[in-house]
Amino acid sequence: MNRNEYLKGTHRIVIKVGTSSITKGGSGASTEFMDSVAEQVKRLKDKGMEVLIVTSGAIGIGLSTMDARPRSREIPIRQAAASIGQSVLMQKWNDSFQKQKISIAQILLTYDFYSDREKYLNLRNAVQTLLEYKAVPIFNENDAVCVKEIDAMFGDNDTLSAMVSIKMDADLLIILSDVDGLYDKDPKLFSDAVLIPTVNEITDAIIASAGDPTSRVGTGGMRTKIRAAEICQESGCSMIIASSSVDNVIERVVSGEEIGTIFTADKKERKKSSWIRHAHASGSIEVDEGAKNALSKHMSLLAVGIKEVTGRFDRGDVVNITYDDKIIAKGIPDYNSDDISKIKGMRSDRMSEVLGHKNYDNVIRSENIVIM
């Protein structure tokens with residue numbers, strides 16, 4: 001497989017950084033490593049790519065700061081460590097990205113962000129706005145208040161990074177770890193273990209080759225990474241496991257170098273796009289010729305191009321988009337039917353005046369529209 005060719009067109013990337021990568025085997029954050037990540041992200045952004053980061057390390061850094069050594073199930077101390085370590089961790093990330101003149105944004109998530117539709121919509125809108133302003137969103141679990149995450153709900157953020165990737169429509173998830181990738185058997189136990197460069201399908205044999213957690217402070221292991229790959233593959237997002245000790249590893253894997261293990265995905269149609277295409281429409285929006293032409297160029301739907309609204313629907317429901325009594329597209333609006341009826345035919349700068357609020361300049365953003 002030609003990775004360079006396969007990864008062409010990659011635009012939105014999620015980078016998951018594990019505890020062992022951030023601490024480099026020590027008790028505190030490695031400034032050298034975090035600076036390197038920021039430098040590589042800057043170069044990717046200069047090429048027009050969008051980057052999101054899922055970071056671990058808060059609990060480990062917090063435990064070191066507290067000089068505490070809790071037992072594995074001692075949740076209250078880990079919660080306290082997370083609250084202390086998170087502020088230290090974000091300050092370290094901020095220091096590194098400020099050297100590149102890049103703003104960062106902290107986003108703490110709980111496990112229900114991907115099942116609660118309203119929370120997901122709010123999160124998606126916030127992240128999209130941050131990316132438009134060239135900021136780098138940095139995600140972590142909200143361990144200070146949610147014990148389920150500490151109790152391996154996500155598994156050292158591996159599963160969380162996969163959920164962020166598919167919900168934020170990423171093309172590629174890169175998991176940086178202290179291992180080179182997936183081996184056919186545990187390389188710590190077998191000297192003849194062979195690195196698997198490409199996984200097109202996660203079989204029983206692939207799952208069986210996954211080992212146990214690799215470090216004392218972190219909670220993730222190869223099994224959680226395999227689970228993350230399954231989530232990504234189901235939704236059309238590729239994933240790469242690579243060692244954080246490789247020089248400029250992020251840039252190099254994105255450029256297609258044969259580093260680590262890549263889990264390929266069918267990119268013909270994303271799961272969300274397929275869902276929108278086949279979902280029952282709760283209503284319809286009739287557009288004018290200008291809006292029809294804009295949609296054909298994969299642009300967003302503005303209120304000024306809307307002629308009529310039919311049916312009652314909420315923000316986040318799927319609707320038909322029609323022109324001349326024909327369905328030309330389907331999409332997920334950021335406003336309900338009542339609000340759209342009030343602002344149809346109107347310029348975006350007047351929406352706040354009429355509604356008293358404004359979720360977004362577009363009624364339906366381009367990434368939430370599927371042309372029929």
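**Close-up views of a predicted model**

**View 1. Strands S5 and S7 run side by side.** Strand S5 (residues 172–177) and strand S7 (residues 238–243) pair in the parallel sense, with six bridges between them. Strands pair here if DSSP finds at least two bridges between them, and a strand is a DSSP run (E, at least two residues), while a helix is a run of H or I with at least four, all numbered from the N terminus. Look for serine 177, whose bridge partner in S7 is serine 243. Helix H10 (residues 222–234) packs on the sheet and touches S5, S6, S7 and strand S8 (261–263). Its direction makes about 155° with that of S7; angles run from 0 to 180 degrees between N-to-C directions, using axes fitted to C-alpha atoms, for helices over the stretch in contact.

A quick note on the model: it is predicted, so local features need pLDDT of at least 70 and side-chain atom pairs count only at pLDDT 80 or more, while totals for chains, interfaces and linings use all residues. Residues are numbered from 1 along each chain as its sequence is written, and side-chain values use heavy atoms, leaving out hydrogens and water.

**View 2. Now the whole sheet.** Eight strands make an open sheet with mixed pairing, in the order S3-S4-S2-S1-S5-S7-S8-S6. S3 (104–109) and S6 (198–199) are at the edges with a single partner strand each, so one side of each has no neighbour in the sheet.

View 3. After H8 comes aspartate 169, with a positive phi near 55°.

**View 4. Zoom in on asparagine 157.** This residue sits in the loop between helix H7 (147–153) and H8. Is asparagine 157 buried or exposed? Asparagine 157 is buried, with a relative accessible area of 2%. Beyond neighbours within four places in sequence, asparagine 157 is in contact (heavy atoms within 4.5 Å) with residues including Lys16, Val54 and Asn140. Serine 56 is 101 residues away in sequence, yet 6.6 Å away in space, C-alpha to C-alpha. A polar contact of 3.1 Å joins the two side chains; that term covers N or O atoms within 3.5 Å, where within protein one must be able to donate a hydrogen and the other to accept it, and residues adjacent in sequence count only if both atoms are side-chain atoms.

Terms used: Buried < 20%, exposed > 50% of the residue type's maximum accessible area, 1.4 Å probe, protein only.
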